[in-house]
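Here are my notes on the model you sent over. Have it open on screen while you read.

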Amino acid sequence: MRVTGDQALVKKINKSLILHTIRKEAPLSRARVSEMTGLNKATVSNLVAELCQEQLVLEVGPGESSGGRKPVMLHFGSMAGVVIGMELRVKQLTAMLCDLGGRVLYESDSPLEQHKPAAVLAQMKKMIAELSEQAPPTPYGLVGIGVGVPGMVDENGVVLFAPNLGWEGVDLYSELQSEFSVPVVIDNEANAGAQGELNFGAARDTRHLLYVSAGSGIGSGIIIDGQLYKGARGYAGETGHMTIEFAGLPCSCGSRGCWELYASEKTYDNPGLPLPARTTPELVAHAVLGQQEAIDHFAKLGEYLGIGVTNLVNSFNPEVIVIGGPLSEASDWLAEPLRRTVAGRTLPYHKRKLEISFSTLGSRATMTGAAFAAAMHFLGSVRVSL
């Protein structure tokens, strides 16, 4: 297939390239932008002028002189607008209001008492409206909403299947779009978490990343050559339903022996376990005090996490594995058994230079990634693939 573009498309691509170069690398002079993008100085000057007029780029003071006149430095106009990033969890709804650069302005959370779509949507709309009212004055106002969901989401923002919520075929996109009249981005929560860590967290500038979100379930965000991989139909990353026990426990997805039944917060629901608490924050508090049952349970979770991570490493050969989600709060007790299991089971060439780390964004990873996706929808990122 031949791909052609008129002058307007070329200009749009160049303008996007300049904007995102400044967004990621500021402060920069026009001359430095020209060097980094390969665009000539006249093109950079003209397009920067447009971006300044749109308040997406700001001129902020002089830079260091290399012998002549001091250059005017360019910054990204992160306060040109605001976005909301939200995560729908099984037991909780969390959201934050951010500027376009990912800086958190306000946060909100509330327990999720039931999973009926109408009730959850009402709670989501209320939280979004309350955060919107907290937004400071900006040139563009609220420009987008991003939501991470624990389930399979199609390209139209429909939640096809979220077994831990009991959802099937819920058109989350249309409900939020019609209510707030701003662009809405709906994605799997692990995909959003991967974007958060890739752009703001433990995996910045990584080309091949696996982000494992471990909480009430397990999902994975897969970054291949710097791009989010979604598979043929957009459903890649449902690794929590990878079978690790052939005749194991029955799962809500309809299968048996799924990874998340042994390595997530689902294990807390086992009434036979002598646990002092049934939530991760409470168990962490007990582990800090040396409570042995809590420590032993986290060690077992770490081993089972390591078994699943081994399968992912052998399959995808990533540079970095980031463990995120609510269970990352227990990293002090999960890390050693997880790494030991991976070291003992992974193919030798696959584990060379492999880095396993825990999220630096913690429970904010999905919200941060969802907010980032909403911001990118507004700012635009034009690419041409041949």
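1. Ground rules. This is a predicted model, so to speak of local features we need pLDDT of at least 70, while side-chain atom pairs count only at pLDDT 80 or more and totals for chains, interfaces and linings use all residues. Residues are numbered from 1 along each chain as its sequence is written, and side-chain values use heavy atoms, with hydrogens and water left out.

2. The sheet. Five strands make an open, mixed sheet, ordered β6-β5-β4-β7-β11. Strands here are DSSP runs of E with at least two residues, helices are runs of H or I with at least four, and numbering starts at the N terminus. Two strands pair if DSSP finds at least two bridges between them. At the edges sit β6 (104-111) and β11 (184-188), each pairing on one side only. On average, neighbouring strands are turned by 15 degrees against each other, direction ignored. (Axes are lines fitted to C-alpha atoms, for helices over the stretch in contact; angles run from 0 to 180 degrees between N-to-C directions.)

3. A parallel pair. β4 (residues 82-88) and β7 (residues 142-149) run parallel, paired over six bridges. If you want a landmark, V82 has L142 as its bridge partner in β7.

4. Helices on the sheet. Helix α6 (residues 189-200) packs on the sheet and touches β4, β7 and β11; contact means heavy atoms within 4.5 Å. The direction of α6 makes about 105 degrees with that of β11. Helix α11 (residues 365-379) lies across β4, β5 (92-99), β6, β7 and β11, at about 140 degrees to β4.

5. Have a look at T280. Is T280 buried or exposed? T280 is buried, with a relative accessible area of 1% (buried is under 20%, exposed over 50%, partly exposed in between, using a 1.4 Å probe and protein chains only). This residue lies in helix α8 (residues 280-288). Its side chain has a polar contact of 2.5 Å with that of E265; such a contact is a pair of N or O atoms within 3.5 Å, one able to donate a hydrogen and the other to accept it. Beyond four places in sequence, T280 touches residues including Y268, F298 and P326.

6. The cores. The largest nonpolar core has 40 residues, and W259, F298, L305, I321 and L334 touch the most other members. (A core is a set of buried Ala, Val, Leu, Ile, Met, Phe, Trp, Tyr and Cys residues joined through side-chain atoms within 4.5 Å.) Its largest share, eight residues, comes from α9. A second, separate core of 29 residues includes L93, L97, V159 and V184.
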